[in-house]
Every structure is written in C-alpha cells, then in structure tokens.
Amino acid sequence: MDLPSLAVVLQAALSPNPAERTAAEQSLNQFQYTPQHLVRLLQIIVDNNCDMAVRQVAAIHFKNFIAKNWAPHDPNEQQKISQSDKDTVRDHILVFVVQVPPLLRVQLGECLKTIIHADYPELWPRLLDWVKHNLQDQQVYGALFVLRILARKYEFKSEEERIPVHRIVEETYPHLLNIFNRLVQIDKPALEIADLIKLICKIFWSSIYLEIPKQLLDPNVFNAWMMLFLNVLERSVPVEGQPVDPELRKSWGWWKVKKWTVHILNRLYTRFGDLKLRNPENKAFAQMFQKNYAGKILECHLKLLGVIRVGGYLPDRVTNLILQYLSSSISKNSMYTLLQPQLDVLLFEIVFPLMCFNDDDQKLWEEDPHEYVRKGYDIIEDLYSPRTASMDFVSELVRKRGKENLHKFIQFIVEIFKRYDEAPVEYKPYRQKDGALLAVGALCDKLKQTEPYKSELEHMLMQHVFPEFRSPVGHLRAKAAWVAGQYAYVNFSDPNNFRQALLSVVSGLRDPELPVRVDSVFALRSFVEACKDLNEIRPILPQLLDEIFKLMNEVENEDLVFTLETIVDKFGEEMAPYALGLCQNLAAAFWRCMNTAEADDEADDPGALAAVGCLRAISTILESVSRLPHLFVQIEPTLLPIMRRMLTTDGQEVFEEVLEIVSYMTFFSPTISLDMWSLWPLMIEALADWAIDFFPNILVPLDNYISRGTAHFLTCKEPDYQQSLWNMISSILADKNLEDNDIEPAPKLIEVVFQNCRGQVDHWVEPYLRITLDRLRRTEKPRLKCLLVQVIANAVYYNAALTLSILNKLCVASEVFNLWFQLLQQVKKSGLRANFKREHDKKVCCLGLTSLLALPGEQLAGDAFGRVFRATLDLLVAYKDQVAGFSLSVSPPPVCLVSVYACVGA
C-alpha cells in the first residue's frame with residue numbers, strides 16, 4: 001500500500017461509521033506485514049502536512065506493531081519485520097522522536113523503549129555513539145530523551161546484567177555534567193530548561209538506583225554532581241508561570257525538577273549513605289556522604305518545609321520525600337544533633353498541621369466520598385501522602401528518641417484535647433482534634449507499652465475518643481471509629497466501656513456519611529478479634545452482615561472483606577444459616593470488582609484487590625461449614641460460574657484462590673457433581689498452557705476427584721479422565737526444561753491413582769512405571785528421587801506380582817531395588833535418616849515392601865527376601881517412633897483441607 005492510500009485508510013479508521021472503521025482496520029491488518037509498511041507509517045507520523053488525528057492513529061498502530069513483532073517472545077517464531085525495515089526505523093526514529101509534538105513523542109518513546117530493550121547493545125552498537133555525538137551538538141533534548149530510555153533499561157538489572165551501564169556512564173556522563181552545569185547557570189531560565197534538567201535527573205536516577213557506577217565513586221566527579229543537585233535543591237522555584245490549578249501545578253516542570261532532585265538525594269542517603277552497611281566499599285562512601293553532604297541536604301530540606309509553615313506551596317510528593325529523609329535521620333546521632341534545634345518548630349508547626357484534616361479533605365469528603373475512601377485505604381496513595389509521612393515521622397521520633405520527645409508531644413496533644421473541650425461548639429478546633437486523634441492512633445503501640453500512658457488509655461478513650469462517635473462533624477466520627485479500632489485490644493477494666501465502644505462502632509455502620517461507615521467496618525474487625533465474649537456480638541450478627549453487604553455494594557474495598565472473613569472465622573459453624581447468603585453476596589461483589597478491574601486495567605486497582613478478598617472470604621466460609629456437607633450442594637450453583645471462568649486465562653490473577661475453592665468443593669461435598677467434573681479439563685488445559693507454577697495447588701482438587709469420585713474417574717469416557725491424566729503427567733515428566741521442583745506433584749498424582757484404583761488400572765501400571773523410571777535416571781534432587789521411588793512402592797502395593805514382572809521385563813528390577821535400599825540406608829552426619837523423612841513416606845515404603853513379602857517364595861530370592869524384611873523392620877520401627885514422638889510433642893492440628901494422598905490407610 002502506497003503512502004497516499006495508507007493515509008486514506010488511516011483516516012477511515014477514525015470514521016464515525018462502524019462499517020467504514022471495521023473495513024479500515026481489516027485493511028491495516030491485511031497489509032501490516034508487507035515490506036515498507038512500518039516505514040510508511042513512520043513517514044505519516046512525522047508529516048506536518050498530515051492531519052494530526054491521522055498521525056496519531058498511525059503512531060498507535062506503529063507502536064502496537066513494534067511491541068508485538070519487533071522481538072517476538074517465542075525465539076522460533078518467524079520474523080515479521082524485514083531487516084531492511086528495521087534498519088530504516090532505527091536510522092530515522094532517533095531524529096524523528098524530537099521533531100514530533102509531545103502527543104506523538106510519547107508513542108515513539110514507547111517504540112524506542114521496545115527497540116532498545118531488544119537490540120542494544122548487540123544489534124544496535126551505534127546507538128551510544130549517536131547519543132554521545134548529539135549531547136555535544138544541537139540535538140541535546142533528543143540525546144537526553146534517548147539516553148533516559150537507555151539508562152532505564154538497566155535500572156532494575158542485577159550486577160551481571162548492568163555491565164553495559166559502565167560504558168554508558170563513561171561515554172556520556174562527562175557531557176551530561178557539562179550540560180547540567182550550563183543549564184543551572186542560566187539566569188531566568190525558560191520552562192524548556194526544566195525539561196532538560198528533569199531528563200538529566202531521571203538518567204542519573206536510573207544509573208544509581210541499585211548501584212552507584214564506579215566512575216561516580218571518584219570523589220571529584222561525585223562532588224561535581226552533588227554541587228549541582230544542591231544548587232537545584234536550594235534554588236527557589238520560579239513564581240512566574242506557575243499554574244493555578246493544583247493538579248497542573250504539581251506536574252509543572254520546575255516542581256518536577258525539585259521532586260526528582262529530592263528523590264535522588266533520598267536514594268543516595270537511604271541506600272548508600274548508611275554507615276551500618278557491611279560492604280566495606282559502600283561504608284567508605286557512606287562516611288564520605290555523611291560527612292560532606294547529608295547535613296547540608298537536611299538544612300535545605302528544613303528550609304523547603306518552612307514554606308508550608310507560612311502557608312506557601314510545596315507539592316505533596318516533595319513534602320512526603322523530605323519527611324522520609326528526616327525520618328531516616330532520627331536514628332543517626334550527627335543528623336539528630338542538627339535536627340534538634342528546629343525540632344519543636346518542625347514537629348508542632350509543620351508535621352502536626354499536616355496530620356490535621358484540611359480544606360482538600362473537606363472538598364473531597366463533600367464532593368466525592370467514594371474517592372475520599374479510596375485514597376484513605378490505598379497503599380499507593382500512602383507513598384505520596386504528606387499525612388502518612390508525618391505519621392511515620394512522629395512514630396519514628398518517639399520510637400528512636402522517645403525519652404526526650406514522647407512526653408512533650410503527648411502534652412501537646414492533651415492541650416489540644418483540653419482546648420477542644422473548653423471551646424464553645426461554634427469555635428471548637430475540629431480539624432486539630434482530628435489531627436490529635438490521628439496522632440493518638442498512630443502511637444498506639446508505643447502508648448500501650450509505656451507508663452504512665454499505658455494505665456491511662458481507657459480513661460483517655462472514654463474522655464476524648466468515644467464522645468466523638470456523636471460528633472456533629474462527620475470526619476471526627478470517622479476518626480473516632482478508626483482510633484477505637486486501634487485500641488480495641490486494650491484490657492478494659494470496665495467491660496461496659498468495651499461494650500459501649502463496640503455498639504458505637506456498630507452504630508457507625510448506619511452513619512449517613514460513607515467514610516464513617518467504611519471506617520466503622522474497619523474498626524469492627526478489631527473489635528470482633530478482641531471480643532472475649534461472643535454473646536456481645538451474637539444477637540446483632542444478622543444486622544452486621546446486612547450492613548457490611550450494603551457497604552460492599554457501594555464501595556470496593558478489601559478491608560470490608562477482611563472484616564467479613566474475621567467474623568466468619570470467629571463464629572465458625574454458627575455461620576451455617578448465613579453461609580449461602582454470604583457466598584451469594586460475595587460472588588456478586590466479586591463480579592462487580594472484576595468488572596471494575598477490567599474497565600480500569602490497573603494492576604493495583606482496589607477492585608482487583610477486593611476481588612481476591614471476596615474469594616478468600618468464600619474459602620473461609622467453606623472451611624467454617626466443612627462439617628456440614630449438605631450446604632456445599634446449596635452453595636455450588638453460586639460458585640460454579642466463578643470457577644468456570646476463572647480457571648481459564650481470564651483468572652490468572654485469582655487462580656490460586658479459585659483452586660482453593662475448587663479444593664473445598666471437591667473435598668467436602670457429599671459427592672462430586674457432574675458440573676464440578678466439568679472443571680477438570682479446564683485445570684488440565686491451564687497446566688499444559690501456562691499454570692505449571694500452580695501445579696501444587698492443582699494437585700489437591702485432582703487428588704480429590706480421583707479419590708472421592710473414583711468410579712466416575714474410571715468409567716467416564718467422554719471425556720476420558722484416565723487418558724487426560726496420563727497425557728498431562730507423561731508430558732510433564734518427559735519435559736527436560738522443567739526443574740525437579742516443578743514436577744513434584746506428578747509422582748504424587750500417580751500415587752493417588754494406584755492407591756485409589758487397586759485392581760482397576762492394570763493397563764496403566766507399565767506406562768506409569770516407564771515414565772517414572774525415565775525421569776528417575778536423570779533426576780538429581782534427592783527429594784524427587786524419593787517421590788519417584790514411592791511411585792514404584794505404590795505400584796508394588798497396587799499389584800506386587802504385576803509390578804515385579806514389568807520391572808524384570810524392562811531389566812531394571814535390581815537397579816530399582818538397589819537404589820531404593822540405598823536411599824533407605826542413607827543417613828546425615830547427625831545420624832538421622834536422609835530420605836523418606838515424613839510419616840507418609842515411611843508408610844508408603846512399608847506398604848510396598850510388605851506387599852513384596854507376601855509374594856510366593858519363588859518370586860523373591862532368599863537374599864532379596866532378607867533385605868526386604870530387614871528394610872521393612874527398620875522402617876516400621878522408625879515409623880512407630882516418629883508417630884510416638886509426634887503425639888507426644890505436637891497438639892492436634894486444626895481442621896483444615898488435606899488431600900487424600902497425605903493420609904493413606906495402612
């Protein structure tokens with residue numbers, strides 16, 4: 001397809017007419033592998049005369065095609081891009097990436113990332129020369145842009161994989177340093193200068209993230225860099241041009257430069273500037289860093305934080321990073337000495353105000369309470385939150401320097417409580433009270449261990465926390481619930497006080513404000529765990545469950561599910577009347593969460609986390625009613641759609657949790673239904689395709705199918721489960737690319753067949769023995785050797801005469817028994833048995849050996865009979881001693897799901 005025709009097709013791909021769009025996409029797919037297609041797409045992307053929307057469509061197709069086809073995952077796959085097209089793209093993309101507008105540059109940057117990760121240095125050795133040349137030419141931005149991608153390739157690489165970094169640093173960093181030096185000296189720099197400095201910072205960050213390159217360890221070189229970073233850190237951000245909108249402001253170029261500078265200095269300090277590091281080379285660097293730079297950085301950070309004190313602006317992420325630096329400084333004597341003179345101002349005028357409820361919180365609370373809840377429970381948000389960093393700073397201060405700081409901080413909090421109590425309603429400092437409650441909750445562990453506070457906790461809760469359950473201010477009701485949850489485990493001298501707090505939290509489940517309801521459910525979990533008398537909760541259990549599910553319909557939050565799990569766990573079989581309703585509600589919540597996660601397509605989406613929580617809660621319910629098999633029949637139709645869908649590739653993120661549910665359903669149901677049997681092919685297919693890491697988890701339900709549905713396993717031919725199992729096990733045992741650890745469940749499954757199908761699978765004995773012996777010959781790890789020998793022991797137990805005849809037919813009988821006896825006799829230096837250490841292993845070996853003793857005399861020669869008899873006797877004594885030792889030293893295990901292969905009857 002020529003260039004004009006391609007432009008027309010791309011234009012049609014934007015058509016509002018679905019038929020035209022589909023035709024255009026089909027045409028693009030049809031011609032995408034033709035020579036020069038990729039090059040023509042690139043020509044359209046950089047053509048300024050072309051419509052921007054068309055260029056954007058071209059850029060997206062270009063990016064997607066390169067991502068999929070530049071370096072196929074399968075090395076045997078035929079190359080879809082010709083070498084000449086690759087050469088052309090590599091020769092031109094470096095220049096074009098600078099020429100195109102930012103919208104298109106993002107797409108080309110992704111392409112460059114794919115190409116560099118695949119080709120550098122082996123297939124693109126000239127790339128570094130291009131970067132080095134252009135760092136000294138007019139194309140500085142392009143060189144920095146490319147160098148950032150190149151450096152990022154090695155950001156998380158291990159030491160062996162980082163070898164190319166040394167040449168990158170050696171060739172480019174002298175030029176980077178010169179450019180950086182020139183840029184910081186520009187008077188009244190334009191915003192474009194900020195973009196250049198930001199790229200330099202990002203390149204530096206990627207290079208030092210895991211290890212400092214040896215070239216930078218030169219004191220003179222390192223000092224030159226540090227002087228520039230300190231210059232940027234100290235310099236005020238230009239006032240002119242700052243956006244008014246908060247979201248745009250924090251992303252403004254000069255604030256980004258400040259953030260990356262603080263980020264780099266924090267990384268150098270926390271990873272490489274710690275004197276406790278044992279690496280001698282790093283210790284010398286740490287001493288130098290502490291002596292020459294750490295204190296100076298601390299002074300700059302305190303000066304920056306001072307802006308907040310007078311009402312100035314500092315982005316949340318910068319504030320968070322600075323407080324992290326200060327928290328790391330508390331334990332270091334020299335740094336703490338520098339911090340002390342300004343500590344009171346820092347603590348009471350900067351850190352504490354950051355802990356208080358603020359205007360942004362109020363706006364979000366009123367306009368988008370769902371987002372307020374999400375941010376409050378999002379771990380990722382904590383990484384950026386000044387409030388979380390402030391809490392961490394206070395906690396670290398009282399933990400490491402509590403002697404001189406805990407009392408004065410608590411006195412400060414008490415004064416706030418006092419002012420709040422004394423002020424008339426219209427003048428009460430509600431926001432300061434919120435911050436004080438947050439501080440009390442954050443210091444819970446310290447206060448519970450330290451006198452005189454430890455003795456006063458109950459009084460403090462009754463006087464200053466619990467009254468806020470009735471506050472007219474929503475955020476104080478929420479904070480009271482959260483603090484109450486933190487202190488639920490306190491030993492209340494008056495049980496009525498615990499009861500009052502519990503009822504207040506329960507009442508909070510019906511609060512008109514969503515964040516109060518969520519914090520109340522979170523607190524309820526602690527109260528349920530701490531409750532010594534379940535009669536406190538039992539009468540209101542249906543009401544609690546109802547309120548929790550109402551809330552789960554409103555928000556996707558895994559902490560809600562944790563509370564539900566805790567209730568189920570605490571009440572056990574008492575949950576039976578609610579089991580079906582709970583599973584139905586959790587299944588509905590699971591589908592909602594999955595739909596949200598698929599729509600957002602974010603790995604850390606709260607919906608995805610809550611979905612996992614729903615499945616865990618279902619497992620907890622199934623375990624709690626495990627002695628009531630009739631309930632499993634009722635619950636099965638609710639869970640089947642989840643199991644069917646999530647045992648495919650759609651369920652990779654929740655595969656382990658779904659397999660646990662399948663395990664419960666196949667173990668505790670009165671019988672395994674045909675609907676449940678329909679899941680067998682899905683698990684076998686997943687195992688063959690992508691789920692080998694889950695083989696131990698898949699083993700459990702497969703075991704249950706064979707041991708609890710033996711008749712169906714043996715008689716069903718559509719599908720043929722015996723053949724299906726053989727295909728899977730033989731493929732895995734024959735696979736030379738799989739490690740010994742990966743295939744351990746395979747011999748266990750053969751064992752399940754022989755133990756549960758005695759006399760009914762004679763035709764499978766020889767095939768299973770053959771593949772077992774083949775794998776045994778190339779197995780190195782003793783653990784797998786023992787498991788494979790146990791397959792032979794199980795075969796002997798299944799049918800000794802048949803197994804012996806097969807081993808003789810294969811001319812391996814002597815070899816097998818010699819290995820078996822050798823493994824039985826091996827001992828460690830301590831004198832303990834080296835192999836067959838579990839009771840189960842000894843039992844299986846005993847079953848096999850005693851089956852040999854039952855053979856007619858002519859089948860077992862005299863010498864062999866003696867060896868078998870002695871080995872059996874030794875094993876029986878060892879087994880008896882192990883059982884006796886276990887019963888003397890171990891209390892009975894809790895009721896849990898155990899697969900049948902682990903409890904073979906003698």
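## Basis and confidence

Residues are numbered from 1 along each chain as its sequence is written, and side-chain values use heavy atoms, without hydrogens and water. Because the model is predicted, local features need a pLDDT of at least 70 and side-chain atom pairs count only at pLDDT 80 or more, whereas totals for chains, interfaces and linings use all residues.

The pLDDT, which is the predictor's confidence in each residue from 0 to 100, averages 90 over the chain, and 95% of the residues score at least 70. Over residues 887-906, however, the pLDDT is below 50. Where pLDDT is low, the predicted coordinates should not be read in detail.

## A pair of helices

Helices here are DSSP runs (H or I, at least four residues), numbered from the N terminus. Helix H29 (residues 541-554) packs against helix H30 (residues 558-571) at an angle of about 155°, which makes H29 roughly antiparallel to H30, a term for angles over 145 degrees. Among the residues of H29 that meet H30 are Leu-545 and Phe-549, while those on the H30 side include Leu-564 and Ile-567.

## Buried and exposed residues

Gln-755 lies in helix H40 (residues 745-756) and is buried, with a relative accessible area of 14%. Lys-188, found in the loop between helix H9 (163-184) and helix H10 (191-208), is exposed at 76%; buried means under 20% relative accessible area and exposed over 50%, with a 1.4 Å probe and protein chains only. Phi of Lys-188 is near 50°, a positive value in a residue other than glycine.

Conventions
Contact means heavy atoms within 4.5 Å. Helices (H or I, at least four residues) and strands (E, at least two) are DSSP runs, numbered from the N terminus. Axes are lines fitted to C-alpha atoms, for helices over the stretch in contact, and angles run from 0 to 180 degrees between N-to-C directions. Angles under 35 degrees count as roughly parallel, over 145 as roughly antiparallel, 65 to 115 as roughly perpendicular and the rest as oblique.
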